[in-house]
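My entries follow in the order in which I worked.

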Amino acid sequence: MRTLRVNLPGREYDILIGKNFLDHVGEILKERFSPSKIVIVTDDNVNALYGIRVQNSMERAGFCVKLISLPPGEQTKCLEQLSYLYSEALSFSITRRDWIVALGGGVIGDLTGLMAATLLRGIPYIQIPTTLLAQVDSSVGGKVAIDVPQGKNLVGAFYQPKLVLMDTQALSTLSDRIFFDGMAEVIKYGLIADRTLFDTLYNCCGRKELSEKMEEIVYTCCDIKRRIVEQDEHDTGLRMLLNFGHTLGHVAEKEYRYETYTHGQAVAFGMYQISRIGEQMKITPPGTAKRIRSILEKFSLPCEIPLGKTIEKTLGLDKKNEGTNLNIILLSQIGKALIHKLPLSQFVLLVNDVLFHSE
């Protein structure tokens, strides 16, 4: 098992990356922590695969466990389900000396993290991500949130986990659609910070070959994110680079009510289109978008998503928005990204031009 240490003063934690240890989670926790009660939050899909296994492991280690299973999907990341979690945990008489565990993908991790951050003003929690997207991205760094009708992740907090446990064997049970959904975030790391990673992915022949390298890929992505988060925990500068492709991706997700396209599919679209904009602005080298399109298509990720022409309102609610200005993330080359500030109105014109008036 490989270990990465996230060094945030007073909030340090380890990321453990390995294979086939979900039946031993209880032992791992007992070696490190001593809560009496643990609330596991998962979804129905993950519960059917791993819920009882993880619960039994914790009970064998001597913990008193309550497992809560929610419907799968982005629609679960809402105020109604957050309120339900509060009620269930309080009925279990949870205290601030007990623990909460998020077992699942990004939706469960984000929702459970916000529950932990706010219930009783903060209860320690652990991330056990079971999807590729959650392992390489959402489970690390302490961003927790829910969606509201106005947009994605607009109600949330920064609340670091006490431990992240990544069993890459869990990825073998993912459908191709969900596996490739996570590949969008993996490709993002290569594009913004690691040309070698991008080239490895670009030359890869498919999921089978990727699976043989998955432990190293997950480690590389987490190490990139760890280094960025350590320098900018609260997303005021360098950490914005991790949002490459997300500005337009969130527009696509919201327009389709989080039902038609996965988060990774929307981010893939956003990465390709923002690179076209970057080329038009003469910041991103010519040909970059074409190369991005090639790798996205290799992993069955969309480059085109039909959008309506009234996107300014959604962009105005983007978390990188600063009044009349918006911070957008562009590539100066493959493997290196930068933050570029420009008026929101100008960005809307660029988006409309690229999406509706050019190739």
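I took two strands as paired if DSSP finds at least two bridges between them, with helices (H or I, at least four residues) and strands (E, at least two) read as DSSP runs numbered from the N terminus. On that basis I looked up β11 and β12, which form a hairpin with two residues between them, and in the turn I noted Gly335 with a positive phi of about 105°. Eight bridges join β11 (residues 325-333) to β12 (residues 336-343), and the two strands run antiparallel; for Leu331 I found Ala337 as the bridge partner in β12.

I kept in mind that this is a predicted model, in which local features need pLDDT of at least 70 and side-chain atom pairs count only at pLDDT 80 or more, while totals for chains, interfaces and linings use all residues. Residues are numbered from 1 along each chain as its sequence is written, and side-chain values use heavy atoms, with hydrogens and water left out.

For rings of Phe, Tyr and Trp (its six-membered ring), I counted a pair if the centres lie within 6.5 Å, calling planes under 30 degrees apart stacked, over 60 edge-to-face and the rest tilted. I found six aromatic pairs in the structure. Phe33 and Trp99 form a tilted one, at 4.3 Å centre to centre and 40° between the planes. This pair links distant parts of the chain, 66 residues apart, with Phe33 in the loop between α1 (25-32) and β3 (37-43) and Trp99 in strand β5 (residues 99-104). I also noted one aromatic cluster formed by Phe179, Phe180 and Phe299.
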